[in-house]
Amino acid sequence: MSIEIKLSEVTGLRLKEFRTQYKVKAKDVAEMLGKSPAYISKLEKGQIQQIDKIEFEKILNFIANDDDGIIDFLKNLQRERI
């Protein structure tokens, strides 16, 4: 059973900011996933509204080059809310 994460336009924007913070190209993320760069663009624009949890973690871990990429992403979100 896969768990789906709902994405909003804001989450997509935060994903793009996270990726650029780590200086990772969208094309490299797409290549790692076996998807097109357009797929990453749509994720970052909030045009894809649901993603498999495992795939989302894989993206975040790849961007952060760390198995805790999702934790870094969530910490960034938390800092923005303060």
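Let me begin with a term: a nonpolar core here is a set of buried Ala, Val, Leu, Ile, Met, Phe, Trp, Tyr and Cys residues joined through side-chain atoms within 4.5 Å. Please keep in mind throughout that what we are looking at is a predicted model.

With that in hand, the largest nonpolar core has 18 residues, and the members that touch the most other members are Leu15, Leu43 and Ile59. At least two residues of this core come from each of α1 (9-21), α2, α3 and α4 (53-64), and it is α4 that gives the most, with 5 residues. As general background, nonpolar side chains in soluble globular proteins tend to be buried together.

If we take Leu15 and set aside residues up to four places away in sequence, its contacts are Leu43, Glu44, Phe56, Ile59, Leu60, Ile63 and Phe73.

Now to the helix pair α2 and α4, whose axes come within 10 Å and cross at roughly 130°. Because angles over 145 degrees count as roughly antiparallel and 65 to 115 as roughly perpendicular, with the rest between them oblique, α2 and α4 are oblique to each other. On the α2 side the contact is made by Asp28, Val29, Met32 and Leu33, and on the α4 side by Glu55, Lys58, Ile59, Phe62 and Ile63; sorted by class, that contact has 6 nonpolar and 3 charged residues, with no polar ones. As for handedness, α2 passes α4 in a right-handed crossing.

Finally, Ser36 lies in the loop between α2 (26-33) and α3 (37-44).

Terms used
Residues numbered from 1 in each chain as written. Predicted model: local features only at pLDDT ≥ 70, side-chain atom pairs only at ≥ 80, totals over all residues. Heavy atoms only, no water. Helix = DSSP H or I, 4+ residues; strand = E, 2+ residues; numbered from the N terminus. Buried < 20%, exposed > 50% of the residue type's maximum accessible area, 1.4 Å probe, protein only. Contact = heavy atoms within 4.5 Å. Axes fitted to C-alpha atoms, helices over the stretch in contact; angles between N-to-C directions. Parallel < 35°, antiparallel > 145°, perpendicular 65-115°, else oblique. Left-handed = near helix turned anticlockwise from the far one by under 90°. Nonpolar A, V, L, I, M, F, W, Y, C, P; charged D, E, K, R; others polar.
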